[in-house]
Amino acid sequence: MENILVLLHVDEAGALPKSAMETVAAGLELSAKVNAALAIGIIGADVNEAAKSVAGTGARLLAVSGPEFGQPRYATDAAAAEALCAKAGATVVLAPAGSRFNRVLPGVAHRLKGAIDTHISGIEATGALTVTRWFYRQRIEAQLQRTARPWLLLLEPGVAPAWQGDAAAANVEAVQVAVPGIRTEVKGIRAPQLDEQTIRPDAKLLFVAGAGWTKKQADGETHVPQAETLIQGFLRATGASLGSSKSLVDQAADQQSVLRFMSHLNQVGQTGATPRHPKGLSTCCHGEEPHVVGWRFITERRAVNLDPNCGWARGKADVLYVADAFEVVEKLNAIMQSRNAAASGS
Ligand SMILES: Cc1cc2nc3c(=O)[nH]c(=O)nc-3n(C[C@H](O)[C@H](O)[C@H](O)COP(=O)(O)OP(=O)(O)OC[C@H]3O[C@@H](n4cnc5c(N)ncnc54)[C@H](O)[C@@H]3O)c2cc1C
């Protein structure tokens with residue numbers, strides 16, 4: 001008989017982010033399938049609002065709270081997670097994969113003499129508990145079962161639809177933890193301005209830029225500054241997330257003209273990311289990896305390419321526009337700027 005713990009931490013605002021709610025939904029589904037008790041354990045400086053937001057699940061609520069548990073820190077996060085797992089008597093622990101838990105839960109599994117698996121993309125409970133995960137980026141999907149308990153599972157974003165329910169009064173059991181020696185303190189966060197931040201996991205649209213943006217165009221010249229202006233204008237007007245082909249981000253190392261806001265973090269594909277957005281638009285891009293692997297989790301896919309014979313754009317997009325992306329994006333930006341201006345009344 002399994003005992004399931006959904007392990008969460010609050011965000012900077014004291015709330016539970018979308019990935020936490022997805023894990024809650026996965027926990028509820030699993031506990032119903034295997035007819036197991038479900039507890040939700042929350043870590044944070046103040047967990048009251050977070051606990052209320054999931055009280056409607058009917059799960060047992062446990063919490064480690066206090067100012068020492070507000071900041072992400074290995075020593076305090078590990079102690080809190082260990083105590084919550086022990087209190088719940090958990091045999092299966094589900095947690096959202098994020099920098100905070102990715103760093104700390106492998107150590108917690110070791111302390112508990114259990115096992116951990118990361119990058120979990122699905123949970124099945126027909127017969128024995130079985131999880132799926134990707135290997136070699138998203139090329140090989142494996143199914144895993146383990147006898148070791150507790151079994152900690154770090155769930156990838158998008159594994160389940162986020163749980164939704166009204167906030168309710170919460171009966172939270174406080175779990176006491178002896179605060180370990182604290183050597184690390186977060187003094188502040190340095191992050192790019194919001195409009196410089198081009199990777200936006202919650203955006204409705206992924207805009208993929210390929211190396212064509214920096215190649216010689218019909219007039220025999222490159223137009224990199226214009227490409228930068230057009231792409232940034234598009235991102236501002238739509239709030240889209242920016243993905244790139246490998247060729248484009250590799251150009252910096254080759255001393256070629258580059259788009260300055262682009263880095264390897266933007267790369268999608270076999271050796272890049274495979275983000276999840278409802279829609280994708282690929283521009284000036286030919287490669288197999290961005291089209292086959294990079295946007296495999298994108299629901300509706302369109303591409304703009306000058307080459308009507310681009311097999312990857314044609315074969316892997318729902319719609320291929322055979323057109324000049326410079327002209328298309330310029331026109332799109334003009335339309336969206338006038339719509340946005342009309343909407344804001346200016
Ligand atoms: C082991 C391995 C792993 C790899 N992993 C990845 C990966 O993770 N991600 C990845 O992206 N690649 C990866 N690659 C590279 C990949 O195979 C391709 O070489 C690369 O994606 C091609 O990049 P591109 O389409 O941007 O550039 P190009 O192949 O140069 O294509 C440029 C395209 O732009 C179009 N174009 C030019 N001007 C315009 C215009 N004005 N309007 C519209 N279209 C225009 C052209 O018609 C052309 O189709 C990998 C390769 C290997 C061998």
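The model is predicted. Its largest nonpolar core has 57 residues, and 30 residues surround the ligand.

**Nonpolar cores**

- Leu5, Val93 and Leu105 have the most contacts inside the largest nonpolar core, which numbers 57 residues.
- Leucine 5 touches Ala39, Gly41, Leu84, Cys85, Ala88, Ala90 and Val93, if residues up to four places away in sequence are not counted.
- Another core, of 32 residues, lies apart from the largest one, and Trp213, Leu248, Val249 and Val304 are among its members.
- In soluble globular proteins, nonpolar side chains tend to be buried together.

**Ligand shell**

- Of the 30 residues around the ligand, the closest are Gly210, Gly212, Ser245, Gly269 and Gly287.
- The shell divides into 14 polar, 10 nonpolar and 6 charged residues.
- At least two shell residues come from each of helix 6 (246-250), helix 7 (288-294), strand 13 (300-305) and helix 9 (325-344).
- Helix 7 gives the most, with 4 residues.

**Helix 4**

- Helix 4 spans residues 99-111 and has a kink of about 35° at leucine 105, shortly before proline 106.
- Phe101, Val104, Leu105, Val108 and Ala109 are buried in this helix.
- An α-helix has 3.6 residues a turn, so residues three or four places apart point the same way.
- The cover over the buried residues of helix 4 includes helix 3 (74-88), strand 4 (92-96), strand 5 (115-124) and strand 8 (151-155).

**Valine 177**

- Valine 177 sits in the loop between strand 9 (172-174) and strand 10 (205-209).
- Valine 177 counts as buried because it has 20 C-beta neighbours inside 10 Å.
- Beyond its neighbours within four places in sequence, valine 177 is in contact with Val64, Ala79, Ala80 and Ala83.
- The C-alpha atoms of valine 177 and threonine 76 are separated by 9.0 Å, although these residues are 101 residues apart along the chain.

- Most residues other than glycine have a negative phi, and most peptide bonds are trans.
- The peptide bond from arginine 149 to proline 150 is cis, with omega near 0°; proline 150 lies in the loop between strand 7 (140-144) and strand 8.
- Histidine 119, in strand 5, has a positive phi near 55°.
- With 17 other C-beta atoms within 10 Å, histidine 119 is partly exposed.
- Cysteine 284 has a positive phi near 50° and belongs to the loop between strand 12 (279-283) and helix 7.
- Cysteine 284 is buried, with 27 other C-beta atoms within 10 Å.

Methods. Residues numbered from 1 in each chain as written. Predicted model: local features only at pLDDT ≥ 70, side-chain atom pairs only at ≥ 80, totals over all residues. Core = buried A, V, L, I, M, F, W, Y, C linked by C-beta atoms within 7 Å. Buried ≥ 20, exposed ≤ 12 C-beta atoms within 10 Å, placed from the backbone. Contact = placed C-beta atoms within 7 Å. Near = placed C-beta within 6 Å. Nonpolar A, V, L, I, M, F, W, Y, C, P; charged D, E, K, R; others polar. Bend = angle between axes of the 7 residues up to and from the residue.
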